[in-house]
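Colleague: I have a model open and would like to learn how to read its packing. Could you walk me through it?

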Amino acid sequence: MPPTLASLVHHSALKLTVRAGEDRLDVPVRWAHVSELADPVPYMEGGELLLITALKLDAEDPQVMRRYVKRLAGAGVVGLGFAVGVNYEEIPEALVDAARQEGLPLLEVPRRTPFLAISKAVSAAIAADQYRAVTAGFAAQRELTRQALSAGPEGLLGALAAQVDGWAALYDASGAVVAAAPEWAGRRAARLTAEVERLRERPAPASAVVGGPDHEDRVEMHSLGTGRRPRAALAVGTAAALGTAERYAVHSAIALLTLTTERSRSLHAAEQRVGAAVLRMLLAGEPDHARAVAGDLYGGLLDAPFRMIVAESVSGAAAQAHADTHGRVATSVTQGAALVAGAGGDPLGGLAESVEAAAARAGEAVLVVPEGERLVVLAVDGGAAVAACTQFAAALEAARAVPEQAAGGDEEELVVGLSAPAGPIAAAAAYKQAEQALSVARRRGRVLVEHEQLAAGSVLPLLADDAVKAFADGLLRALHEHDATGRGDLVASLRAWLSRHGQWDAAAADLGVHRHTLRYRMRRVEEILGRSLDDPDVRMELWLALKATSAE
């Protein structure tokens, strides 16, 4: 505890007597200052015990004393020490009345007590308090370190909560609560997810204070990690502002958790290298070797049906150009990524963090392999990681529909392909499915496409592809040029004949012409195109070309 007026009054060597403000003696004293100025306020910082002899004051003038004491109280002076037996044999009543009126503690200093003795007492008490704080801080650091080594982050948080007489919580890269102490603090910490996301948008290291007089507690939040994006965050909730010893404890916890985070990042990089080797073996058709390399790290994942996820990062300009050719409004999803997972302009990184955090919370194994501008993920079918991927993509898709989030330029966007459920033997097929779905997502201007969606729908929407339309236009151009001369309707006749599977009478009836007329037109089609309608491949290509051009 810092020195207070009460501790100075109880100091046996000082012999101080209280003449006013008896109910305010528990106020901390930051320093003892001597000044005989008529107005010392410009030189005060607040929290001082002012010592005077009234050498330049008319201490017997009530009006002067009221102004003087009022100025001192307004400046934050916590007490006034008046030396008797120097200029005044006793404290003038005008000063006593003014001090009582303002509630300012007034201490009578006997002549045998020099001001230097009071200053030394205050200084010694402050030094002792600082020493106790440093000692307590070192003790807290030792306890936090012991808990971190023996019980991990959970033990460290428990020790920190005890040190600050409050609660503490650790958040992962996605802003979700990883651990909290005491147990009840988990609910309180979960309500601060939005604050964590705002903190992660700032360059590390960053901190913020949440709460105040109108809130249930005061919460300090600190980002953790040494990289460009914070890897985690720490929240510490207390009933009041932290003291010196408590702040030592918080800073020690930040350092220990940062070391843990950076060590975890190194281990994570090593796991990714193992994961890349496992993935290569699976794609090479060597599931037994993959299991042997994975061991306990990914072994459970390879024994259950999994999904293959392939994601790519594409430039916003490229996505804009492609979407515009399909009549869609493409908007930047970078802001959506930052809001959803703190991606900070790196949607692939944001997706990886979201998937890994969801798997960690659910206790699932997940294999994440970065490959330059591509990310490959192996995740349990129906598990939390796959759900996190679809939720992440849905949030980015929703961001496209918000005009305020539209932005131009080359900001990175995300496209994702998701395979059907598969096992280790079919890993190569699942990878191909994910790539096919990714290609469709890119062509359609979508964030995510599942391979199962492709088989569940019709093939006709795929004909909207630019390459298919170009092929159709080229194939049918000669027929359209013929019809433009007014010498017959070969395109409509071809469509009717193909729709009737080559049945002359039915197709002729649809057109309202004689079947011989229709036969003549089909011979002209063959002559103009240089292809035989007896060839099933030719009939298929012509039918698809007609469907593609009619879809425009």
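Modeller: Gladly! Let's begin with contact, which means heavy atoms within 4.5 Å. By that rule, L106 touches T17, V18, R19, A20, L80, F82, I91, L95, V96 and A99, leaving aside residues up to four places away in sequence. This is a predicted model, where local features need pLDDT of at least 70, side-chain atom pairs count only at pLDDT 80 or more, and totals for chains, interfaces and linings use all residues. Residues are numbered from 1 along each chain as its sequence is written, and side-chain values use heavy atoms, without hydrogens and water.

Colleague: Which residues touch the most other members of the largest nonpolar core?

Modeller: In soluble globular proteins, nonpolar side chains tend to be buried together. A nonpolar core is a set of buried Ala, Val, Leu, Ile, Met, Phe, Trp, Tyr and Cys residues joined through side-chain atoms within 4.5 Å; buried means under 20% relative accessible area (1.4 Å probe, protein chains only). Here the largest core has 25 residues, and Y68, L80, F82 and L106 touch the most other members. Helix 3 gives the largest share, five residues. Helices are DSSP runs of H or I, at least four residues, numbered from the N terminus.

Colleague: At what angle do helix 2 and helix 3 cross?

Modeller: Axes are lines fitted to C-alpha atoms over the stretch in contact, with angles from 0 to 180 degrees between N-to-C directions. The axes of helix 2 (residues 62-74) and helix 3 (residues 93-102) come within 8 Å, crossing at roughly 40°. Helix 2 is therefore oblique to helix 3, as angles under 35 degrees count as roughly parallel, over 145 as roughly antiparallel, 65 to 115 as roughly perpendicular and the rest as oblique.

Key: Helices (H or I, at least four residues) and strands (E, at least two) are DSSP runs, numbered from the N terminus. Buried means under 20% relative accessible area, exposed over 50%, partly exposed in between (1.4 Å probe, protein chains only).
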